[in-house]
Amino acid sequence: SFKRPEYTPNPAGQLEPGFYAAEIIPIGKTHLKPINLAGISRPMSASNNWLGPQIEDSIFRGRPYLEEILHGRSDELALAVKGALRFARQAFYALGDESRFLTLVFALDGLAHPDKNLKGMDHRAYIAALTSHGNVLRFKVDLDRYNVLYSKVRNELVHKGKDFYELPYPSAKCCDDMLDYLKRVVTLIEELDLQEVRALRAQALHWLAQPEFASHVEQEKQKSK
């Protein structure tokens, strides 16, 4: 959680004095020999002495799917999920609230693969359709929140060069909400066993075509004019 950064363990490879190290051991016949690389990759950082997050239950939604990816699953969406996980990790160790939040925004867009022609409320509705898993009540809540995160936070940071201290939105809450959307898209991909981007898009558009979804999106468009 971005609300409790002290619970974030040190990234893999960090040694006690602050150095990072990796030992490369070539597999098979090659002219390369084993090599040890070490150095300070982040000269301005703090070392966290927390041993790791407290996990009450090791079984959680999405775990079987993530295990499949770990063991080599490589269909189109599995690779997208792997990329999103890398972005999420980067966000936790990034310096600056703005960098953390924007990294998660890019991660969500990269995972959800919205069509480049979707703009404004249509783009936000597409994301909310996926995060809500087709539940119209949840969709309304997600669309309202994501619209704020995108139009009043992301756009202010990107297009107006503002910092979080200039905005009335707590950075930790914004980052946690964006991370939660990422998690929910991953669990959706697992639940429906989706493998291709076109299948993910088709599912979102199917929900958005339903009367309750479509009428709410239209109402939000009218309110934003």
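Reply: Let's begin with Glu220, a residue of helix α8, which covers residues 211-224. Keep in mind that this is a predicted model. Is Glu220 buried or exposed? Its relative accessibility is 11%, and because buried means under 20%, Glu220 counts as buried. Leaving aside residues up to four places away in sequence, Glu220 touches Met121 and Leu143.

Now step back to see where this helix sits in the whole. The protein has eight helices and two strands, and along the sequence they follow the pattern β-β-α-α-α-α-α-α-α-α. Among the 225 residues, 38% count as buried, so Glu220, at 11% relative accessibility, belongs to that buried part.

Another helix to look at is α2, residues 76-93. Its 18 residues reach 27 Å from the first C-alpha to the last, close to the expected 26 Å. The buried residues of α2 are Leu77, Ala78, Ala80, Val81, Ala84, Ala88, Ala91 and Tyr93. What covers them? The cover includes α1, α3, α6 and α7.

Charged side chains come next. The whole structure holds 15 salt bridges. One of them joins Arg73 and Asp193, with 3.2 Å from N to O. Arg73 lies in the loop between α1 and α2, while Asp193 lies in the loop between α6 and α7, so this pair ties together parts that are 120 residues apart in sequence. Arg73 is buried at 16% relative accessible area, whereas Asp193 is partly exposed at 45%.

A second salt bridge links Asp177 and Lys173, also with an N to O distance of 3.2 Å. These two are four residues apart in helix α6, which means that about one helical turn separates them. In general, an α-helix has 3.6 residues a turn, so residues three or four places apart point the same way. Asp177 is buried, with a relative accessible area of 14%, and Lys173 counts as partly exposed at 35%. Salt bridges with shared partners also join Glu68, Arg73, Asp75 and Asp193 into one network.

Finally, Lys160 and Glu156 meet in a salt bridge at 3.3 Å, N to O. Lys160 is exposed, with a relative accessible area of 56%, but Glu156 counts as buried at 14%.

Terms used
Residues numbered from 1 in each chain as written. Predicted model: local features only at pLDDT ≥ 70, side-chain atom pairs only at ≥ 80, totals over all residues. Heavy atoms only, no water. Expected span 1.5 Å × (residues − 1). Buried < 20%, exposed > 50% of the residue type's maximum accessible area, 1.4 Å probe, protein only. Contact = heavy atoms within 4.5 Å. Salt bridge = Lys/Arg side-chain N within 4 Å of Asp/Glu carboxyl O.
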